[in-house]
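Let's take a walk through this one together. Have the sequence and the model open side by side, and follow along.

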Amino acid sequence: MKTLKFPSAYTILMLLTVLMAALTWLIPAGQYQMVNNETLGKMVPLVGSYQTVEANPQGFLDILMAPIQGFYDPANYMARAVDVALFVLVIGGYLAVVTQTGAIDAGIAKTMVYLKGKERWMIPILMGLFALGGTVYGMAEETIPFYALLIPVMIAAGYDSVVGVAIIMVGAGIGCLGSTINPFATVIASNAAEINFVDGIGLRLAILIIGWLACVIYVMRYADKVKRDPSLSLVAAQREANTAYFLHGSNEAAPELTLTRKIVLAIFGLTFAIMMWGVASEGWWMAELSALFIGSSIVAGLVGKLSEVEITDSFINGARDLLGVALIIAIARGLVVVMDDGNITHTILNFAEGLLVGLPQVLFINAIYWIEAVLCLVIPSSSGLAVLSMPILAPLADFAGVGRELVVTAFQSASGLPNLVTPTSGVVMGGLAIGRIGYSTWLRFIGPLLAFLTTMVMILLSLGVVLS
């Protein structure tokens with residue numbers, strides 16, 4: 001008999017899309033009145049304005065259209081996830097061109113020589129950098145290029161692809177979960193709650209620091225276990241295949257790190273530095289970043305002495321390798337479109353609002369956390385969830401006698417969860433696809449850590465209420 005296998009990421013997302021479409025037939029349709037918030041420059045729901053509207057149940061055709069609508073809105077041609085999906089393809093092409101020069105393989109080999117016996121200390125350093133990106137500006141989609149770069153380094157160091165994915169996903173995820181000045185979560189949520197974003201920053205720093213330490217210890221313990229005994233790896237069955245895929249054959253001699261390849265690596269590092277600068281200070285997003293990596297592909301290829309055919313063929317083949325990731329991102333976005341078109345997103349929010357009325361303070365703030373945690377499963381965008389939920393939930397804190405800054409902290413702690421585990425997040429499913437890690441395997445890895453982080457946040461939120 002054939003053993004049952006956990007479905008692929010594509011199947012999981014399509015099943016969730018079917019489920020959401022079915023709910024549009026069962027959950028009453030409703031909408032809040034939307035008003036313009038000048039501070040945010042966005043339309044936000046008006047408290048107390050919820051009313052039922054005509055149902056728009058999603059049918060078979062809507063389900064089939066969902067992945068297409070995940071890319072763009074066919075009605076007005078506005079982009080949805082097409083920019084992120086295109087960015088992923090460009091990144092795949094860029095990494096393939098740089099790999100074709102031999103610079104990455106030579107750099108990895110040289111790095112392993114320098115770090116002999118000290119490889120484990122890469123974990124806290126790199127997780128610290130990704131956490132910094134998460135807490136400062138909500139690093140999420142920007143992590144995608146790093147998977148193909150870091151996973152080979154971890155495998156060459158004697159670890160596995162789970163360690164490589166965890167360093168990036170958990171590192172940036174704990175940064176987002178402990179957001180301090182993240183403009184796409186904490187700042188937007190604070191503005192929507194009509195408070196200063198620095199209110200409550202002490203508690204957020206505590207969540208960030210304690211959470212980061214816990215994540216680092218957790219990943220390092222797993223990494224040490226895998227290095228001592230590779231059979232204990234969660235992806236042990238894929239060890240040889242992953243070595244061949246990420247290191248291009250374990251028995252091949254590493255290319256020499258020549259001056260030309262050093263220059264290519266310098267261009268490689270500079271490109272990522274420019275990416276960080278552009279996102280943090282110049283307002284760049286996917287279009288500008290895609291253009292940056294296309295330009296860097298050409299420069300790296302020419303400096304690496306590749307022919308025109310080698311550059312173009314490598315780029316196309318690299319983009320092809322990440323095509324599945326681009327599709328996952330679109331399917332995940334399409335699921336949210338089904339909810340919105342079926343007019344049930346605001347109904348779910350209104351139901352959550354009703355659950356909070358009359359709760360004691362400690363129960364109230366923890367209920368806010370869990371409501372936001374559930375909402376972020378279907379609205380994985382932190383800024384989108386902030387704009388939608390904060391104008392409704394934050395005023396309820398006044399009646400409960402809880403500071404609005406605690407509601408914002410509960411929101412941002414919950415909104416960090418999609419970066420760790422949510423199957424509707426293109427960042428999560430895309431990162432796992434690049435690392436060749438099944439979703440069920442990732443759940444086995446992240447489960448205990450997620451339980452600890454959830455408990456930690458609830459305790460700190462409760463203390464915040466008691467000590468305020």
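N343 counts as buried because its relative accessibility is 16% (buried means under 20% relative accessible area, exposed over 50%, partly exposed in between, with a 1.4 Å probe and protein chains only). You'll find N343 in the loop between α14 (323-341) and α15 (345-356); helices here are DSSP runs of H or I, at least four residues, numbered from the N terminus. Its phi is positive, about 60 degrees, although N343 is not a glycine. Most residues other than glycine have a negative phi.

A quick word on the ground rules: this is a predicted model, where local features need pLDDT of at least 70, side-chain atom pairs count only at pLDDT 80 or more, and totals for chains, interfaces and linings use all residues. Residues are numbered from 1 along each chain as its sequence is written, and side-chain values use heavy atoms, with hydrogens and water left out.

E194 also has a positive phi without being a glycine, near 65 degrees. E194 sits in the loop between α8 (183-192) and α9 (201-228), and it counts as exposed because its relative accessibility is 65%.

Now look at helix α5, residues 122-137. Its 16 residues should span 22 Å at 1.5 Å a residue, and the end C-alpha atoms are 23 Å apart, which agrees (the expected span is 1.5 Å times one less than the number of residues). Among the buried residues of α5 are M122, F130 and Y137.

Terms used:
Helices (H or I, at least four residues) and strands (E, at least two) are DSSP runs, numbered from the N terminus.
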